[in-house]
Amino acid sequence: MAAPIAIHLEFGGGAELLFNGVKEHHVTLPSQSEPWDLKQLLVWIQRNLLKERPELFVQGESVRPGILVLINDADWELMGELDYQLQDQDNIVFISTLHGG
Amino acid sequence: MCQVDEDYHDGLDRAEVPSVFKKCVKCKEASAAVVIRAGDTFCRDCFKEYFIHKFRAMLGKNRIIFPGDKVLLAVSGGSSSCSMLSQVQEGLSQNAHKKLRFLPGIVYIDEGGVVGQSVDERVRTVAELQAVFRATGFPFYVVPLEQVLDLPSSVVVMAPSSSEQPASAYKEAVDQFLKSNSGSCLNPKDQDPTSLPVVPEAHTQFLQQLIVSAKTLTARHDLLNTLRQHLLVHTARTEGYRKVMLGDNCTRLAIKLLTSISLGRGAQLAQDTGFSDSRYGDIILVRPMRDYSAKEIAYYNHLFNVVSVFIPSLDTKTTEKASIQRLTESFVTKLQVDFPSTVSTIYRTSEKLQTACGSSSTDDSSDRCLLCVCTLDTSGENSSSFQATLTSEQLSQTKYPARTKTDRLHPAPVELESSVPSGSCCSSGGGEDCGEVESGEGCCSSKEPEKTNLKTLLCYSCHLTIKDMSSVEHLPQYILLEAQRRKRRSKMREEISEFLLDDGVCFRVGD
Ligand SMILES: [Zn+2]
Ligand SMILES: [Zn+2]
């Protein structure tokens, strides 16, 4: 069993509109049998944080094209994208580059 | 995704390799933070250097901004234009040979009224941006979009450009600037926050009616872009700026390019997406951010704390099929995920386009579109306005079923009843309108109200936009008045055509 982990989430570029306009979220992910990865985090966000229009944030298993992801200030493309295994105190940022958010 | 794959020949290993250890391709020491293009991974410091260099290189290569030029930065609050502002600040703070040498000012067009922001929200947004602007020390202007209702008709007339500056003039200007060392700083002529223009509610309502009168989101977008650009150009003129910098990045321009094609703006592509745009003559629009992708900008702003203010647009929270602009955006960004060179490929195409109407020598505004001020693409050489009408009529009836779907059965020619009482054009002292035209059928004798049909005054694409409007009565006065003026002019020209020696030479016979 992996212990619960506390992470920091940030939404910007208009993506925050889907979260009641709140940009920063400190969340604790419950313990589960295997370690948390980013793909699971997206599902968790969708179930617990997302207030409306999930299709404007996630598409398929990944984020909507045009939304950038940074893991601890690094491009998620360098970190394994959806397979990245979350660590306690990680900082995950989602920035929309789409017109109007 | 592809970038990473390309580096690992065996894609299956991917998850196992801790890519955090990937090194920066430039310094080859620090670990990478950003993937720019396929394979190009930069560390934080090298990325910053690359980003800053690119801005200066873009301006240096094009040599449009002269030392000492007054340049108005159009800042919308979005990440791209705020990044542009930060790059100008960065450039002005550099030392000696790397220093930018122009005099910047900032303009913010407050569109809150048409995107459904309440008065309170608008005040809050403006206050937030003012704080950003004030920190730069540059003069700034906050202009509510409602002011577009008070524009003079001259906005939609191409002004003669101030003498062409030859390439050699650039170096002279640099030398002169260095010698005089003047203009190190403009006296910041801030707007006093308390004296911000008060927007009458009636104006906001009028503007809302105008936007809503366009039935499709596509047309609303187009209309809003047009009005915004007119206001930007007007502000630049009245405040004494000769260049306006726009924040369009290459992702945005790639989307704009494809959108423009879908909207029938093929003829205007070069002007709409190129580095510089001289359609207004005396004011040149410049796009210095066109080499940056939206991703680069978002990463830079995040990593180096460039403040931007999110402002809702017509697109906010709309689905990807809401408008042609939105659909194109989603098409490009989706393609970009699997084919990372999508944007740059489209963008390179735009670089190959030539400016079609670059330095049109004619000062006759009647060959310019009433709305977008581009050379009319509807009239072939020597074709009369009648032929232009036919052309656009045929095109809009037969070729584009996607558009006509929104139209009713009759292809409603957009017309308006002129509010000008008959004969009034003569009382204005003749001049360009009537002059001493002898032909009896002049405007003086026509007792019926003149009908202004905008169709012949618009390029193909603007014509489509206007067709999507329920009524042109909602258009601002400056556009309607200019339309009437042009109609009167072309009518007169037709009437005296047999007396003209050479086309366009002496149609002002009355003067
Ligand atoms: Zn480096
Ligand atoms: Zn046009």
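**Stop 1: zinc ion (ligand 2)**

Select the zinc ion (ligand 2) and show its protein donors: B:Cys369, B:Cys372, B:Cys459 and B:Cys462, each through SG, at 2.2 to 2.3 Å. Keep in mind as you look that this is a predicted model. The 4 donor atoms make angles of 102 to 115° among themselves, and the site is tetrahedral. Read along the chain, the donors follow the spacing C-x2-C-x86-C-x2-C. Now label B:Cys369 and B:Cys462, a pair that links distant parts of the chain, 93 residues apart. B:Cys369 sits in the loop between helix H12 (342-352) and helix H13 (385-399) of chain B, while B:Cys462 belongs to helix H16 (residues 460-467) of chain B. Are these two cysteines, B:Cys369 and B:Cys462, buried or exposed? Both B:Cys369 and B:Cys462 are buried.

**Stop 2: zinc ion (ligand 1)**

Next, centre on the zinc ion (ligand 1). Its protein donors are the SG atoms of B:Cys24, B:Cys27, B:Cys43 and B:Cys46, lying 2.2 to 2.3 Å from the ion. Why is the arrangement around the zinc ion (ligand 1) called tetrahedral? The 4 donor atoms subtend angles of 101 to 115°, and that makes it so; the cut-off asks for all angles to lie between 85 and 135 degrees. In this site the spacing along the chain reads C-x2-C-x15-C-x2-C. Pick out B:Cys27, in the loop between helix H1 (2-7) and strand S1 (34-35) of chain B, and B:Cys43, in the loop between strand S2 (41-42) and helix H2 (44-62) of chain B; the pair therefore ties together parts that are 16 residues apart in sequence. Colour by accessibility and look at each in turn: B:Cys27, at 32% relative accessibility, counts as partly exposed, whereas B:Cys43, at 4%, counts as buried.

**Stop 3: the sheet**

Switch to cartoon and find the open sheet of 6 strands in chain B, ordered S5-S4-S3-S6-S8-S7 with mixed pairing. Its edge strands are S5 (140-144) and S7 (276-277) of chain B, each of which pairs on one side only.

**Stop 4: strand S3 and its partners**

Select residues 70-74 of chain B, which form strand S3 and pair in the parallel sense with strand S4 (residues 103-110) of chain B over 5 bridges.

**Stop 5: across to strand S5**

From S4(B), move to S5(B): the two run parallel and are joined by 5 bridges. One place to look is B:Asp110, which stands opposite B:Pro144 in S5(B). Trace the chain from S4(B) through helix H4 (residues 119-136) of chain B to S5(B), and you will have followed a right-handed β-α-β crossover.

Finish by showing the side chains of S5(B). How many of its 5 residues are buried? The count is 5 of 5, and the strand is mostly covered. Both faces are covered, with B:Phe140, B:Val142 and B:Pro144 on one side and B:Tyr141 and B:Val143 on the other. In a regular strand, side chains alternate between the two faces of the sheet.

Terms used. Residues are numbered from 1 along each chain as its sequence is written. Chains are lettered from A and ligands numbered from 1 in the order in which they are written. This is a predicted model: local features need pLDDT of at least 70, side-chain atom pairs count only at pLDDT 80 or more; totals for chains, interfaces and linings use all residues. Side-chain values use heavy atoms; hydrogens and water are left out. Donors are N, O and S atoms within 2.8 Å of the metal (3.2 Å for Na, K and Ca); water is not among the atoms, so sites may look incomplete. Four donors count as tetrahedral if all angles lie between 85 and 135 degrees; four count as square planar and six as octahedral if opposite donors are over 155 degrees apart and all others between 65 and 115; anything else is irregular. Helices (H or I, at least four residues) and strands (E, at least two) are DSSP runs, numbered from the N terminus. Buried means under 20% relative accessible area, exposed over 50%, partly exposed in between (1.4 Å probe, protein chains only). Two strands pair if DSSP finds at least two bridges between them. A crossover is right-handed if, with the strands pointing away from the viewer, the path from the first strand over the helix to the second runs clockwise.
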